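Subject: Structure handover

Hello,

I am passing a structure on to you. Please open it first, then read my notes below.

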Amino acid sequence: MSTESSIELSAVLGRLADILQTRLPANGGDPATSYAAKLFAKGPDSFLKKIGEEATELVMASKDGQNDHIIAETADLWFHCLVALTYYGLRPEDVLAELARREGLSGLVEKANRPQS
Ligand SMILES: N=c1c2ncn([C@@H]3O[C@H](COP(=O)(O)OP(=O)(O)OP(=O)(O)O)[C@@H](O)[C@H]3O)c2ncn1[C@@H]1O[C@H](COP(=O)(O)O)[C@@H](O)[C@H]1O
């Protein structure tokens, strides 16, 4: 992936997070006109349940192997994850920073170095 498209990726997520911020009850989000505001008004169980559902739908779409369906379900999952991040006062940039921190660190090595419990 080129640097340009990765910058656009961050920009899209950042813009969506900015919009979600305006949907919080404290910022005047209106459940009558906004799906995100409706989720925030209902409370965390509403969007946490959606994350579970969308993850399951992504698994099923992946099993079917239809790319457009996989993309749509991933978008739904990412959207609801962003709703959760916003609710908990976090930003997509926080997640991207964590992924950047992990860059080049093999998952196998990281797991082997975890403290024994
Ligand atoms: N990216 C999205 C987005 N992706 C998915 N969705 C909604 O997420 C829901 C997904 O739920 P399902 O597919 O399960 O549909 P459903 O079964 O009818 O949903 P439920 O009734 O079970 O809740 C649908 O209502 C989609 O429209 C989204 N809603 C909003 N956005 C973005 O968020 C912005 C703010 O949206 P509002 O808060 O509605 O103004 C929009 O401008 C968009 O950029």
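Let me start with one residue. Val95 is found in helix H5. Is Val95 buried, exposed or partly exposed? Val95 has 14 C-beta neighbours inside 10 Å, so Val95 counts as partly exposed. Look also at Leu85. Val95 and Leu85 are ten residues apart in sequence. In space, their C-alpha atoms are 9.3 Å apart.

Please keep in mind that this is a predicted model.

Now the rest of H5. This helix covers residues 92–102. How many of its eleven residues are buried? The number is one, so H5 lies largely in the open. After H5 comes Gly104. The phi of Gly104 is positive, near 85°.

The overall picture

The chain has 117 residues, and 13% of them are buried. Its secondary structure comes to six helices and zero strands. Read from the N terminus, the order is α-α-α-α-α-α. The C-alpha trace spans about 50 × 40 × 35 Å along its principal axes. Take the contacts in the chain with a separation of 6 or more: 45% of them are between residues 24 or more positions apart.

The helix pair H3 and H4

Two packed helices are described by the angle between their axes and the distance between the axes. H3 runs over residues 44–64. The axes of H3 and H4 come within 8 Å. They cross at roughly 160°. Angles over 145 degrees count as roughly antiparallel, and H3 and H4 are therefore roughly antiparallel to each other. Their crossing is left-handed.

Which residues make the contact? From H3 they include Phe47, Leu48, Ile51, Ala55 and Leu58. From H4 they include Ile70, Leu77, Cys81, Val83 and Tyr87. Charged residues take part too, among them Lys50 and Glu54 of H3 and Glu73 and Asp76 of H4. The residues of this contact divide into 13 nonpolar, four polar and six charged.

Trp78 also lies in H4. Trp78 has 16 other C-beta atoms within 10 Å, so Trp78 is partly exposed. Trp78 and Ala55 are 23 residues apart in sequence. Their C-alpha atoms are 9.5 Å apart in space.

The ligand

Which residues surround the ligand? They are Leu16, Ile19, Arg23, Ser34, Tyr35, Ala36, Ala37, Ala75, Asp76 and Phe79. Three helices each supply at least two residues of this shell: H1 (3–22), H2 (35–42) and H4 (67–87). The shell divides into seven nonpolar residues, one polar and two charged.

A loop glycine

Where is Gly43? Gly43 lies in the loop between H2 and H3. Gly43 has 10 C-beta neighbours inside 10 Å, so Gly43 counts as exposed. Gly43 and Gly107 are 64 residues apart along the chain. Their C-alpha atoms are separated by 34 Å.

In brief: a chain of six helices and zero strands, with a left-handed crossing of H3 and H4 and a ligand shell to which H1, H2 and H4 each give at least two residues.

Best wishes

Key:
Residues are numbered from 1 along each chain as its sequence is written. This is a predicted model: local features need pLDDT of at least 70, side-chain atom pairs count only at pLDDT 80 or more; totals for chains, interfaces and linings use all residues. Helices (H or I, at least four residues) and strands (E, at least two) are DSSP runs, numbered from the N terminus. A residue is buried if 20 or more other C-beta atoms lie within 10 Å of its own, exposed if 12 or fewer, and partly exposed in between; C-beta atoms are placed from the backbone. Two residues are in contact if their C-beta atoms, placed from the backbone, lie within 7 Å. A residue is near a molecule or strand if its C-beta atom, placed from the backbone, lies within 6 Å of it. Axes are lines fitted to C-alpha atoms, for helices over the stretch in contact, and angles run from 0 to 180 degrees between N-to-C directions. Angles under 35 degrees count as roughly parallel, over 145 as roughly antiparallel, 65 to 115 as roughly perpendicular and the rest as oblique. A crossing is left-handed if the near helix is turned anticlockwise from the far one by less than a right angle, and right-handed if clockwise.
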